[in-house]
Amino acid sequence: MEIGFMEIDGHYLDGETSKRVPARLTITSVDERSLTLNVKSPDAAAQVFNLDYDQLTIQSRLGNTPREITFYLDAGTDVGGKNFGAKHSGIEAEAGAALRKNITTRQLFVTDNNDAIDELIGAIDGPGSSGLLHKLESHLGLIVFATLATIAIIWGTIVYGIPTAAKIIAYQMAGFVTEQFGGSLDLLDKTLFEPSNLQEDQLAHVRELVEPYLRSHEDLHPKLNFRAGMEANAFALPGGDIVLTDEFVKLAENDEELLAVVFHELGHLKYRHITRRALQGSMITLLVVFVTGDVSSVDLLTALPTLILDLSYSREFESEADL
Amino acid sequence: MEGNSSFEAGEGSSSSRELSFDFKGVGLEYFKIWIVNVLLTILTLGIYSAWAKVRSHRYFYSNLYLDGSNFRYLAEPLTILKGRIIAVAALIAYSVISSASPTAGVVLAVILVLAIPYFVNQALAFNHRMSAYKNIQFRFKSSYGEAFMVLYIWPLLGVLTLGILYPMAILKLSQYTVRNSAYGTTNFDFKATYRDYGIIFLICLAWILGLVVIAGIISFLAPQLESFVVIPGMLIYFGLFIYFTVASVNLFYRSTVLDTHEFKADLTLGAYARVLLTNMFLIIITLGLYFPAAKVRMTNYIASCVTMRAKGSLDNFAAAEKENISALGEEFGQVFDFGI
């Protein structure tokens, strides 16, 4: 096919009404970068637009979607053709009025023939000047590489990047966080917990047992608390409060068991686990949102990876606390 | 080359035609676009995300056909990028200010709450204007007051009346989105009633109650199976989600009217459930890589169920006046998560 006579079939839409009309785009001259758009209309004579290549906006190629070329008519555009007063499905157009109306309205030429458009761009603008993104998106080898690279980067971020970042932030934030989380126990006291029902001598015994060890970890501001209102449990809040429930104290068979658990909880405090977990949770969510773009179709799907990763992080924390 | 059947058929002014929406996207084709989007977004630390969004929207719009013509997404990546940068800066400023001074944070939060109806209007207006069919752009125009009512007051009433007015809240929201939308100079109308939504609501309640009763009976008769109560729980959640989506999408389309033209959707519980569940399964076993193909598959299914009954010619719609809406509303919506 000789480039000079390349014809591309498509449709023309004038942006004033929703009527779609067949049209044909032709290159008139490669050197002068000029094209002609012939618009065929069944009820009137054809319109002919003589266009300059540089006044066209050619959409980048995207898969196999129809290619859109838009342009505006400026005063210099030559619109030839007879019978401008043609009736277009009920919209009367006076000869002069039509030309004035069209100047600020975007004109559209749409075609399915992506390859021909690419050739046209290549002919006038030079080879290789179009569709870098499309080339990336069609080259299967590149796609495989992109997929593997993305998986590797994301895996690295999840397994190394996020935990490390959370660790650094948590340690830096130490003082600030202690203050913020200090109120947590008050909140729990208002909602869930009741004062401990254990005997005074029992409480004194546990305190005597544990407190010497707490003193050697003063930087964590540990404070022993006893509560009732929950089944056997022992946990540490970031502010330093260690809470032992009545059921737990009763359940502990001997002093060593009790101490072991307290130490485990101290471990959580030392390694700032709760803070890190909270940070990691938010980072994972951010990552998922970031990667899937702004699609929020099924929120269940985005919550699931966050949940799974949170569970796996927790296990690591538990092991670390045992140290 | 596509046939020009719209031409001849369009001239018959009293004829009524059933036009189907066709989605021509292909999973693998979109996956390639999607994976390049993801990789480039990561490599540019998020800046490419504006281009990614445009490419993604363009793919879904341009592959959707009605009556031989496809839709178009007109937004420019730079506009979206500007909006995003401003929105993220605002978010950071808000976080910093509210952690430094809680009172200032509360004041800012109140201002944000009051500003949301304005941003939602802006976001919808921007998105509509960036959508075109046959080179005529869509429009959205609403008042602050209406947005405020629809976003805050009606849902609040729904909760205060223990759910009785909740279907009304959903109806008002749909009316707000549809009746304020226009194709060119022609407004859409929305014909559903409170009763339509009320019926859906009641069926959902019945579904929940039914399964709760079954779960109760099971755990009463066979206490050792109590851990299996989780299964009715999941059935409730999925069944509810599937029923509600199918019923409300079908209701939405059959209530929407444009001039003399009507729409219809016939999603079915079985087919929708099948698409949704196989999508979820495939996404999980491919560790998320199936996600773009799942989106294509779902869009394909829904498009295949929606039809337009056109009475008369579709060629007579006229374009509306030009206006300039910034992308700020839409991007604020994304960052602060308005999710309409």
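At roughly what angle do the axes of helix H6 and helix H7 of chain B cross? The views below, taken from a predicted model, start with that pair and then turn to a sheet in chain A.

**View 1. Helices H6 and H7 of chain B cross at roughly 165°.** Here H6 covers residues 144-160 and H7 covers residues 166-179, and their axes come within 8 Å. Angles over 145 degrees count as roughly antiparallel, so H6(B) is roughly antiparallel to H7(B). The crossing is left-handed.

**View 2. A closer look at the contact of H6(B) with H7(B).** On the H6(B) side, look for Glu146(B), Ala147(B), Val150(B), Trp154(B), Pro155(B) and Gly158(B). H7(B) contributes Tyr166(B), Met168(B), Ala169(B), Lys172(B), Leu173(B) and Tyr176(B). Sorted by class, these are nine nonpolar residues, one polar residue and two charged residues.

**View 3. An open sheet of four strands in chain A.** Follow the strands in the order E9-E10-E12-E11, and you will find mixed pairing. Strand E9 (194-195) and strand E11 (234-236) of chain A are the edges, each pairing on one side only.

**View 4. Strands E10 and E12 of chain A, with helix H7(A) packed on the sheet.** E10 (residues 223-228) and E12 (residues 241-245) of chain A run parallel and are joined by five bridges. Within this view, Arg227(A) stands opposite Thr245(A) of E12(A). Helix H7 of chain A, residues 200-215, touches both E10 and E12 of that chain. The direction of H7(A) makes about 150° with that of E10(A).

Technical notes. Residues numbered from 1 in each chain as written. Chains lettered and ligands numbered in written order. Predicted model: local features only at pLDDT ≥ 70, side-chain atom pairs only at ≥ 80, totals over all residues. Heavy atoms only, no water. Pairing = 2+ DSSP bridges. Helix = DSSP H or I, 4+ residues; strand = E, 2+ residues; numbered from the N terminus. Contact = heavy atoms within 4.5 Å. Axes fitted to C-alpha atoms, helices over the stretch in contact; angles between N-to-C directions. Parallel < 35°, antiparallel > 145°, perpendicular 65-115°, else oblique. Left-handed = near helix turned anticlockwise from the far one by under 90°. Nonpolar A, V, L, I, M, F, W, Y, C, P; charged D, E, K, R; others polar.
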